[in-house]
Amino acid sequence: MLASISSAVLRGVDGIRVTVEVHVAGGLPSFTVVGLPDASCREARDRVRAAVVSSGLPWPQQRITVNLAPSGLPKAGAGLDLPMAIGVLVASGVVPSERAVGIAFVGELGLDGSLRRIAGLVPLVEALPEPIVVVPPDGQAEAMVLGRHEVRAAATLAAVVAALRGLGPWETAARAPAVPHREPVADLADVRGQPMARRAVEVAAAGGHHLLMVGPPGAGKTMLAQRLVGLLPPLDADAALQATKVHSAAGETLPEGGLLRNPPLRAPHHNASMAALVGGGSAWLRPGEISLATGGVLFLDELAEFSPAVLDALRQPLEEGRIRVARAHGAVQFPARFLLVAATNPCPCGNAGGDRYCRCSAAARRRYRRRLSAPLLDRFDLRIAVHRPDPDRLTGASCEEGTEAVAARVAEVRAITRLRGVSANRELSGGLLDRHAVPSRSGRQLLTDALRRQRVTARGVDRIRRVARTLADLDGARGCELAEEHIALAMHLRADTDQLLGVDE
Amino acid sequence: MNVIAPAEGAGRDVERAHLIALLYLPGLGPLRLRNLLAACPDAAELWWALTTPAPSGSPLARRLRAVELRGRVDQLFAAWAEAGRTVDPKAALRRHRSAGVELVMPGDPAFPDRLHDDEDPPTALFARGDLSVAAAPTVAIVGTRRATPYGLGIARRWAMALVEVGVAVVSGLARGIDAAAHDGALAAMDAVGGAPGPVGVVGTGLDVVYPRSSARLWSEVGRRGVLISEAPLGGGAQRWRFPARNRIIAGLADAVLVVESHERGGALSTADEALGRQRPVLAVPGSVHASSSAGTNHLLRDGALVATCVQDVLLALPTGGGRSPLGTARTQGSAVEAAPRRPADPEEAALLLALGWEPALVDRLVERTDWSLGATCRVLERLVARGLVVQQGAWFTQVRE
């Protein structure tokens, strides 16, 4: 007999529909899987057989052939265990074939017949046209994120078969909470005595400007980055779904309710490999940290310690908001639209440009500086020196503005920005910049002076205008003109990299 | 640009060639060489006596042993005999000439006057550039390699001001204060025609750039001023060369200005050498908290002259001899004092008051003025544009001139 069961496999962050065809016929008992299964997929044979037998169901002592169509596409992962088992049971007549019509199955099987969660349920379910999807119970919330399918769950293969035959109930799913639950975030009020750094973080959140912080150890760079993500507004529906898909495909734990609503913060360690950061891997093309940071913040601490090749790979995603990962057996595209926040010491000892003595030789400083390529440093609209705060400011009660007040201002600016047709002021360019960010007379004078003194470059001027636009938005200036004050501050928020990194010549 | 007068006749050249060759002998420092030359003033004869194998028989060698060489005599003579086979005096002289390096000895017209009556004069000086700049009134600006923006700013600006009134700046081309002083001197030459070029005194051979980061400064100083060393080409950066170099800096300067120095440092040895030569020593006072001013404050406690402005330095220069720049300096000084560019704008005045006279971060200025960050930056930018405030990294400093 022949059975045909619908399921899906993951490729990058997208699901691809796969039809599991099972043929059971006379002959010597055997079990063959064809259609380019990878190792984990071929091992399904043993899991499926054990799961069926330990669920107390009959295993056909016949020749069983499983074909995974389309057969030219390589398939990876254990998610096809459940559809194979159902296929065998339908083909051998244990489950009536009409009962499995219009239902897709996704899930891994344990040897005892239990169903286990697999990575990527959101994109997998998205690829399925069937109205009903059967998933493992702990993946139910994740599968319901899309809301397009009727999602059914069961704890074991026996329970699935019983429910299909009408002999038992499906497990009921807990509905996702309607109100997005915001986890308590680190409060910006904890950052004291560093008005420049606080403002830089606020501007980065409001305008989506990439931020580079240079400073000695203990100046609070990591603390600032952690607070930045709390200033970002919750993800809108599209962004949330996209972020959820990526997290699901990477097998990350999703929040209660399945949908990722808070902007993620990803902080890979500096020994991260290329594949870990931009995505890849050999068989299963897994999204990297930059894709997991989509919609949120990618924080690279100790920027100069990252391998230069890895840092260079960031340039394409920074420009295009996505990354294409190509391997011999195919290429996939991952979203990578993140706010880049980087921190570095100015030199190996960390003291250059500060109020303590730098113990590094000029050669050591230059060597350190060379690890950061000029094109990468140019991508940062905001480049600030972070200094240890005045110790007197750190004691006593904080009178600084907290995350809630600043986040409200950020949300307001983001709303204004959308009216301009971009999602963040970072994306203002060309005509849009000329329409919305016109320097005032005194502001233009300031820029001309700075250009003449070679304090800024011609390209830097556009970036300064963008940041000044965000500053004006934050101050509630609605006109298209940029005040001298905003341009002056924007210039200070984009320091010269050589000066920041303590290189003399 | 090599304007050193050629020696009178080939005799001097023979002597030069052998003097260079002597300087390549291992274990023969300036002091020992001077003693040997006192016993045997002819360099060619000395070279022959020291490098001829089995010299124990020669009467001259016996005399030399009696003068100076004790202890490892035989090893030294063996090493010198070996060197005598490898070093060719004439080729060494040719190599120096083709590298644009001239050797001057006491008695040469180009040899700096101030070193003639020095208590510990160099036997020979290698120079690239115009040695006559060392004849102008000179001030040595020295200090620590680990300098702060405060010291770097002073070294550079005061060097400029001195060069503009005709005083040549002598320094050691090290990192930090030395480099800033030379940089300022070169900048002043761009601004004022006929200003004296910088004098750079280094410890290594003139082809051994040390530190490597100063390569650009070395070539500029050699091109527009003069580079001086006691070491022949190829002379490495051995430790003993630097104190020896400091004594030449002190010997060449009419006054020594220490801008910043830690509790121990090479600049203090230059100051000691200057005191031994009855040359005035000035020190720039610094914060009592700053390690980079510990050495200079110590000098002041011990009686060094206080330098709070360029005029203090000019006043310390010896008068008379027709080469004092004091006349010009006085007029220049009064001009500077008469026209301080105080801002009329109340905002700018308030920010300058908040800034004070020590480097400050924008963060601190915001706290002191209680203005918004934007307003602080706006006023600060205006002050920078008008030259009343200079920015170094993230630090802002008020300047008087």
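**View 1. Helices against the sheet of chain B.** Helix 11 (residues 241-252) of chain B lies across strand 3 (138-142), strand 4 (168-171), strand 5 (199-202), strand 6 and strand 7 (255-258) of chain B, and runs at about 155 degrees to strand 5 of chain B. Helix 13 (residues 294-301) of chain B packs on the sheet and touches strand 7, strand 8 (281-283) and strand 9 of chain B. The model is predicted: local features need pLDDT of at least 70 and side-chain atom pairs pLDDT 80 or more, whereas totals for chains, interfaces and linings use all residues. Residues are numbered from 1 along each chain as its sequence is written, and chains are lettered from A in the order in which they are written. Helices (H or I, at least four residues) and strands (E, at least two) are DSSP runs numbered from the N terminus; angles run from 0 to 180 degrees between N-to-C directions, with axes fitted to C-alpha atoms, for helices over the stretch in contact. Residues are in contact if their C-beta atoms, placed from the backbone, lie within 7 Å.

**View 2. Strand pairing in chain B.** The open sheet of nine strands has the order 1-2-6-5-4-3-7-8-9, with mixed pairing (at least two DSSP bridges between two strands). Its edge strands are strand 1 (102-104) and strand 9 (305-306) of chain B. Strand 2 (residues 125-129) and strand 6 (residues 226-229) of chain B run antiparallel, joined by four bridges; Phe126(B) has Ser229(B) as its bridge partner.

**View 3. Helix 7 and helix 17 of chain A.** The axes of helix 7 and helix 17 (residues 403-419) of chain A come within 8 Å and cross at roughly 35 degrees. Glu202(A), Ala205(A) and Ala206(A) in helix 7 meet Val406(A), Val410(A), Val413(A) and Arg414(A) in helix 17.

Methods
Two residues are in contact if their C-beta atoms, placed from the backbone, lie within 7 Å.
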